[in-house]
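I opened the file and kept notes as I went.

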Amino acid sequence: MPRTDNDTWGITESVGATALGVAAARAAETESEAPLISDPFARVFLDAAGDGMWNWFAVPNLPAEIVEAEPDLKPRMQRMVDYMAARTAFFDQFFLDATRADVRQVVILAAGLDSRAWRLPWPDGTAVYELDQPRVLEFKSSTLRDNGAEPTCNLVHVPIDLRHDWPEALQRAGFDASAPSVWSAEGLLPFLPAAAQELLFERVQALGSAGSRIAVEAPGPGFLAPDALAKQRETMQRVRDLMAKLEPERDIPDVHDLWYFEERDDVGDWLASHGWEVTVTPAEELMAGYGRQLAQDIEDAAPQTLFVSAERVGE
């Protein structure tokens, strides 16, 4: 279902279901023979949500009919697991590096099923603010609570839509804009219209004092390439058609219906022009750095994304 202004969702719906898909990729990586990351809570979320298309990454075998009809699908899915593992490792390390520099305020924008507040070794006195849709945060907190998990930080949930006035809600929850902070925008920007992305970074600019840091997974130059998008849609539609025959009760949304395909400012350029020291790493380079080189025989094996990290200097 295409996006609309002020649309909302639970964890198994719309954008929420994509968080389960990412959790499935993290579960698959965690349970692999040589995992790059460890997220013991990813499987907990999948078990709580029940069966759905989001489980594809976390199961060892796809239906034989799917494999026969789309032989490239399984290796592509493995490459996506590799990508998510590298992405997770990047943000994990970014946050830990910031806390080693005595930053004690962490803001996770569109937190989804990110479990860093429960699994990372945060220093004493660290406050982690998670912002997302109310039903998403409630599913996460209640599921982990029911499984006996405890946060490893001072966790503060800020249930709000990022298209609304979240800076006011964040500050009401205890965030101090005069102290340094570290921010993440992971798996978020394509789900925002271009104008909302611009507003998001303007708000971070207003709240992030000198010494603050931010890490962003940003669309790269080829993200909107029409040929690549058309090919992805065609493949996904064939898979959806096959699954509709095999399991008519299983809904498989097309993620392209959830994204906003609009021209937008380059994130690295925007931050650099607003007083941040910026480093930009293409997805393929990031994956290679973690030992997850792409298969040469699979075209477009990694998303056309850039990993942007930045620190604000001066006033």
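Is Asp 97 buried, partly exposed or exposed? I looked it up. Asp 97 has a relative accessibility of 34%, so Asp 97 counts as partly exposed. One caution before going on: this is a predicted model.

**Entry: salt bridges**

I stayed with Asp 97 and checked its partner. Asp 97 makes a salt bridge to Arg 100, and the closest N and O atoms lie 3.1 Å apart. Both sit in helix H4, three residues apart, which means about one helical turn separates them. Arg 100 comes out at 58% relative accessibility, so I noted it as exposed.

I then took the pair Arg 104 and Asp 102. They form a salt bridge too, with 3.8 Å between the closest N and O atoms. The cut-off for a salt bridge is 4 Å, so this pair counts. Arg 104 is partly exposed at 26% relative accessibility. Asp 102 is exposed, at 60%.

Next I checked Asp 161 and Arg 163. Their closest N and O atoms are 2.7 Å apart, in a salt bridge. Are these two buried or exposed? Asp 161 and Arg 163 are both buried.

I ran the search over the whole structure and got 16 salt bridges. I also found a network of salt bridges that links Arg 87, Asp 92, Asp 114, Arg 116, Arg 119, Glu 186 and Glu 217.

**Entry: the sheet**

What is the strand order? I read E3-E2-E1-E4-E5-E7-E6, an open sheet of seven strands with mixed pairing. Strands E3 (154-159) and E6 (276-282) are at the edges; each has a single partner strand, so one side of each lacks a neighbour in the sheet. On average, neighbouring strands are turned by 15° against each other, direction ignored.

E2, residues 127-132, pairs with E3 in the parallel sense over six bridges. There Glu 130 stands opposite His 157 of E3.

**Entry: helices on the sheet**

Helix H4 spans residues 73-100 and packs on the sheet. I listed its strand contacts: E1 (105-109), E4 (182-185), E5 (213-219) and E7 (305-312). The direction of H4 makes about 160° with that of E5. Helix H8, residues 194-207, lies across E1, E4, E5, E6 and E7. H8 runs at about 170° to E5.

**Entry: nonpolar cores**

I asked which residues touch the most other members of the largest nonpolar core. This core has 42 residues, and the answer is Val 106, Leu 113, Trp 122, Val 128, Val 182 and Phe 307. The elements giving two or more residues to it are H1 (14-30), H2 (42-49), H4, E1, H5 (116-119), H6 (134-146) and H11 (283-289). H4 supplies the largest share, 10 residues.

I found a second, separate core of 32 residues. Among its members are Val 107, Leu 131, Ala 169 and Leu 170.

**Entry: a helix pair**

How do H2 and H6 cross? Their axes come within 10 Å, at a crossing angle of roughly 105°. I therefore logged H2 and H6 as roughly perpendicular to each other. On the H2 side, Val 44, Phe 45, Ala 48 and Ala 49 make the contact. On the H6 side I noted Phe 139, Lys 140, Thr 143 and Leu 144.

How values were computed:
Residues are numbered from 1 along each chain as its sequence is written. This is a predicted model: local features need pLDDT of at least 70, side-chain atom pairs count only at pLDDT 80 or more; totals for chains, interfaces and linings use all residues. Side-chain values use heavy atoms; hydrogens and water are left out. Two strands pair if DSSP finds at least two bridges between them. Helices (H or I, at least four residues) and strands (E, at least two) are DSSP runs, numbered from the N terminus. Axes are lines fitted to C-alpha atoms, for helices over the stretch in contact, and angles run from 0 to 180 degrees between N-to-C directions. Contact means heavy atoms within 4.5 Å. A nonpolar core is a set of buried Ala, Val, Leu, Ile, Met, Phe, Trp, Tyr and Cys residues joined through side-chain atoms within 4.5 Å. Buried means under 20% relative accessible area, exposed over 50%, partly exposed in between (1.4 Å probe, protein chains only). A salt bridge is a side-chain nitrogen of Lys or Arg within 4 Å of a carboxyl oxygen of Asp or Glu. Angles under 35 degrees count as roughly parallel, over 145 as roughly antiparallel, 65 to 115 as roughly perpendicular and the rest as oblique.
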